[in-house]
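User: Please go through this model with me and say what stands behind each term you apply.

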Amino acid sequence: MPLDDKKICFIICYNQELYLKECLLYLQQLHVPDGFSTDLLTIVDAPSMTEGYQAAMEESDARYKIYMHQDVFIIYPYFLDSLVQIFQSTPRIGMIGMVGSSVFPSDYMMWSDKRIGNIYHRDMPPYDRQAYRYDLSHGLSTVDCIDGLLMATAYDLPWRTDFLDGWDFYDVSQSFEFRMQGYKIVVPEQHHPWYVHDDGMLLSLWDYDKYRRICMERYPLSLLPPGTH
Amino acid sequence: MHKQNDETSSLFNTLAAIRTRSFQQKEQAIHLAEQMIQHQDLSYIPQIFACFPIDVYYLHELDADMRRLSIICEIVAAEAMLPGAEPIFLKNVFSFRDLIHKYIYITFLLRRIDLHMPKQALEEVAAALGGDQISICALRKITECEIFANPGYVYEQALKYL
């Protein structure tokens, strides 16, 4: 399917209307870049994250796709302008995240080492949300991997539905898939947070180890392209 | 393949060992919460908390909904100390799912205040907080426990709507 270079599609797998409604409230506040249109695809009760995202990817003709969690609320008004600006600045940038690992930890746990990004947190210094605007001069960090809370892409690469049938490690896998195709993955410097992640402050780890082991076998670090730096 | 370090193995081995028991304890906590709701009976709270310890872990350290349930129990217990001693948080709540949704919904409303959302979004906040379903105890506890850039401001503004 030919992609529409002036279209942005939000793709959200959800299982709770309450979260989706709030998520959309924030999306409605975003400024849309001149000449662009936006679209929204929601997938309820997908069998797995990869299957939900793959189905939506195949359905959308948008050049830019934003795969995000239902519990992510984008609070930066010029979010879309900044994403387009970054993608258009360097065609080799395949994917943008809000949080990422500069160097993917050898234990394959993204959160076990330092991560890049800016998190909405308690007692932040006040700032004017409408006045803040990202510029390329603020900087971009090239990373090995981004967190699945939000993954914006400029190219359609298949999600690995063949071995990821749950809710973990789809983000690690997709990051590696992009790198293996020669694309760069970046996290923009966020002087102020771009999103709120309302995940209940806890990471579910029950199935984490199963998918971690699968990815360790599928993506041996030694066989991956030597970083993206 | 890279060899797992001892710390990683230890974490996942511990989780695997307590998995079945923690799911059972969560089920039990949910059952007791449903009983509390159905009978409007706060004497279930100590029994709910008794479900939480699992070896060196606590359910509220492992599960987001259990974390919320533990905070809700504190809210309901605090509401019982207010004049009238009415468990306001349990109003119009008919299941565990409703209970958690109410908590999340209040958090969303308070976040709209924190983020100075447009008037239309705040009108819903005013209507919800202006009803009789949300107590000062809930506002205080949720602003304490959830993440807000300016919790003091959120609490003060929310009180104006009550």
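Predicted model: local features only at pLDDT ≥ 70, side-chain atom pairs only at ≥ 80, totals over all residues.

User: Why is A:Trp159 called buried?

Analyst: Buried means under 20% relative accessible area, exposed over 50%, and partly exposed in between, with a 1.4 Å probe and protein chains only. A:Trp159 has 3% relative accessibility, so A:Trp159 counts as buried. A:Tyr170, at 4%, counts as buried because of that value.

User: Why is the pair of A:Trp159 and A:Tyr170 called tilted?

Analyst: Rings of Phe, Tyr and Trp (its six-membered ring) pair if their centres lie within 6.5 Å; planes under 30 degrees apart count as stacked, over 60 as edge-to-face and the rest as tilted. Here the centres are 6.5 Å apart and the planes stand at 45 degrees, so the pair is tilted. The structure holds 26 aromatic pairs over all chains.

User: What parts of the chain does the pair link?

Analyst: A:Trp159 lies in the loop between strand S9 (150-153) and helix H4 (170-180) of chain A, and A:Tyr170 lies in helix H4, 11 residues apart. Helices (H or I, at least four residues) and strands (E, at least two) are DSSP runs, numbered from the N terminus.

User: What makes S3(A) and S9(A) a strand pair?

Analyst: Two strands pair if DSSP finds at least two bridges between them. Strand S3 (residues 62-69) of chain A and S9(A) have 4 bridges in the antiparallel sense, and the bridge partner of A:Tyr67 in S9(A) is A:Met151. Strand S5 (residues 93-97) of chain A also pairs with S9(A) in the antiparallel sense, over 3 bridges; there A:Met151 is the bridge partner of A:Gly97. Within S9(A), A:Leu150 and A:Ala152 point one way, A:Met151 and A:Thr153 the other way, and all are buried.

User: How do S1(A) and S2(A) run, parallel or antiparallel?

Analyst: Strand S1 (residues 4-14) and strand S2 (residues 37-44) of chain A run parallel and are joined by 8 bridges. The chain crosses from S1(A) through helix H1 (residues 17-27) to S2(A), a right-handed β-α-β crossover. Right-handed means that, with the strands pointing away from the viewer, the path from the first strand over the helix to the second runs clockwise.

User: What makes A:Arg133 sit over the ring of A:Tyr78?

Analyst: A charge sits over a ring if NZ of Lys or CZ of Arg is within 6 Å of the ring centre and within 35 degrees of the ring normal. The charged end of A:Arg133 is 4.2 Å from the ring centre of A:Tyr78. In chain B, the charged end of B:Lys102 sits over the ring of B:Phe89, 5.3 Å from its centre.

User: How much area do chain A and chain B bury between them?

Analyst: They bury about 3,500 Å², 61% of it on carbon and sulfur atoms. Buried area is the accessible area (1.4 Å probe) that two parts lose on being put together, summed over both. A:Tyr120, A:Arg122 and A:Trp206 supply 23% of the area that chain A buries against chain B, more than any other three residues.

Methods: Residues numbered from 1 in each chain as written. Chains lettered and ligands numbered in written order. Heavy atoms only, no water.
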